[in-house]
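Subject: The model, and some notes on it

Hi,

Here is the structure I promised to pass on.

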Amino acid sequence: MLNFDNSSTDLDYRNCKININITKQSPDIALGVDIGGAGDQGIMFGYACDETPEFMPYAITIAHKLSKRLAEVRKNGEISYLRPDGKVQVTVEYEDDKPKRTDTILISTQHLDKVKKEELEKDIIEKVIKKVMPNNMMDSKTKIYINPTGRFVIGGPLGDTGLTGRKLIVDTYGGYARHGGGAFSGKDASKVDRSAAYMLRHIAKNIVAKGYARKCEIQVSYGIGIKEPLSICVNTFDTGNKSEEELVELIKSKYDLTPQGIINYLGLLEPIYSKTTNYGHFGKANLPWEIITK
């Protein structure tokens with residue numbers, strides 16, 4: 001079964017059009033970028049915690065796994081009436097700063113017109129949710145919503161359109177950690193909105209993986225055309241065994257946080273970005289910013 005082959009419900013690869021329009025960057029911006037400075041001003045964040053083996057917040061990790069399973073049952077024919085569009089939202093209850101139980105699971109998934117809501121709900125619960133969710137993280141009070149409006153036939157750009165980068169929180173930490181506001185997709189590595197966020201995730205993950213803290217958020221700020229960050233701030237949320245000032249000095253001594261330094265360190269000129277097109281940009285093995293260094 002092809003993913004996008006029905007023009008009445010979503011995209012059809014046989015008749016959709018792709019327009020390519022490539023122009024030069026503004027010469028005003030290039031004045032700073034061409035000498036190695038940041039491509040824009042702004043603040044960026046990186047985050048990691050020990051809640052999951054991926055060093056990601058529990059809720060976004062589960063949401064990604066449910067999304068992957070939703071795509072899997074569509075592609076392998078287990079639920080033959082599903083269409084490509086879909087999204088997942090998970091709400092988790094914490095106790096003593098640790099995930100305790102899943103409060104709510106919300107799945108909206110596109111389907112063919114022929115299916116009844118009762119059949120859809122049963123299939124999604126049995127073949128998606130129960131295949132992914134740990135038994136000890138669900139209870140009788142866990143709320144499950146499948147297509148709350150009752151109908152999701154028209155999907156993709158046929159039903160709702162927007163510019164690349166509008167799902168910023170899905171791309172990062174599910175709202176659990178802060179976000180500087182800049183999108184990742186569609187930007188090259190000279191744009192620190194993307195490259196610095198990758199680098200900060202790498203550093204934060206290594207800080208947690210090496211046992212310096214159970215959770216870590218790093219913030220930097222840049223000025224357009226300026227190579228070095230204007231500021232660096234570390235927050236370990238009182239879970240660290242090193243002071244935040246020590247960690248800042250450690251970061252400064254170990255990492256080159258200039259745009260070119262980040263590009264070189266993470267190999268951001270390589271063709272690696274197809275792996276970031278779904279299920280977020282963080283928490284995936286084999287991406288350079290996810291590597292735990294020796």
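Below are my notes, grouped by topic.

Please keep in mind that this is a predicted model, in which local features need pLDDT of at least 70, side-chain atom pairs count only at pLDDT 80 or more, and totals for chains, interfaces and linings use all residues. Residues are numbered from 1 along each chain as its sequence is written, and side-chain values use heavy atoms, with hydrogens and water left out.

Cysteines to begin with. The structure holds zero disulfides, a disulfide being a pair of cysteine sulfur atoms within 2.5 Å. For Cys-216, the nearest cysteine sulfur belongs to Cys-233 and is 9.8 Å away. Cys-216 is buried at a relative accessible area of 0%, while Cys-16 is partly exposed at 37%. (Buried means under 20% relative accessible area, exposed over 50%, and partly exposed in between, with a 1.4 Å probe and protein chains only.)

Next, the cavity. There is one cavity of 30 Å³ or more, and the largest cavity holds about 90 Å³ of space. The search ran on a 1 Å grid over the protein atoms alone: a cavity is a set of points where a 1.4 Å probe fits but cannot get out, and lining residues have an atom within 4 Å of a point. Grid points are joined across faces, edges and corners, and the volume is the space filled by probe spheres set on the points. The largest cavity is lined by 13 residues, and those closest to its centre are Phe-45, His-179, Gly-180, Phe-184 and Ala-197. Strand 1 (42–49) and helix 6 (192–209) are the elements that give two or more residues to this lining, and strand 1 has the largest share, with three. Helices (H or I, at least four residues) and strands (E, at least two) are DSSP runs, numbered from the N terminus. By type, the lining residues are six nonpolar, five polar and two charged; here Ala, Val, Leu, Ile, Met, Phe, Trp, Tyr, Cys and Pro count as nonpolar, Asp, Glu, Lys and Arg as charged, and the others, Gly among them, as polar.

Thr-276 also deserves a look. Thr-276 sits in the segment after helix 8 (259–266) and is buried, at 3% relative accessibility. Its side chain makes a polar contact with the side chain of Arg-194 at 3.5 Å, and a polar atom of that Thr-276 side chain lies 2.7 Å from the backbone oxygen of Tyr-273. (A polar contact is a pair of N or O atoms within 3.5 Å; within protein, one must be able to donate a hydrogen and the other to accept it, and residues adjacent in sequence count only if both atoms are side-chain atoms.) Beyond four places in sequence, Thr-276 is in contact (heavy atoms within 4.5 Å) with residues including Tyr-198, His-281 and Trp-289.

As for helix 8 itself, its buried residues are Pro-259, Gly-261, Ile-262, Ile-263 and Leu-266, and their cover includes helix 6 and strand 5 (215–222).

Finally, the backbone. Most residues other than glycine have a negative phi. Which way does phi of Asp-96 go, positive or negative? Asp-96 has a positive phi of about 55°; this residue lies in the loop between strand 2 (82–95) and strand 3 (98–111) and is exposed, at 70%. Phe-237 has a positive phi as well, near 55°, in the loop between strand 6 (231–235) and helix 7 (244–254), and is partly exposed at 34%.

Best wishes

Conventions. On a 1 Å grid over the protein atoms alone, a cavity is a set of points where a 1.4 Å probe fits but cannot get out, and a pocket is an open set with protein on both sides within 12 Å along at least five of seven lines; lining residues have an atom within 4 Å of a point.
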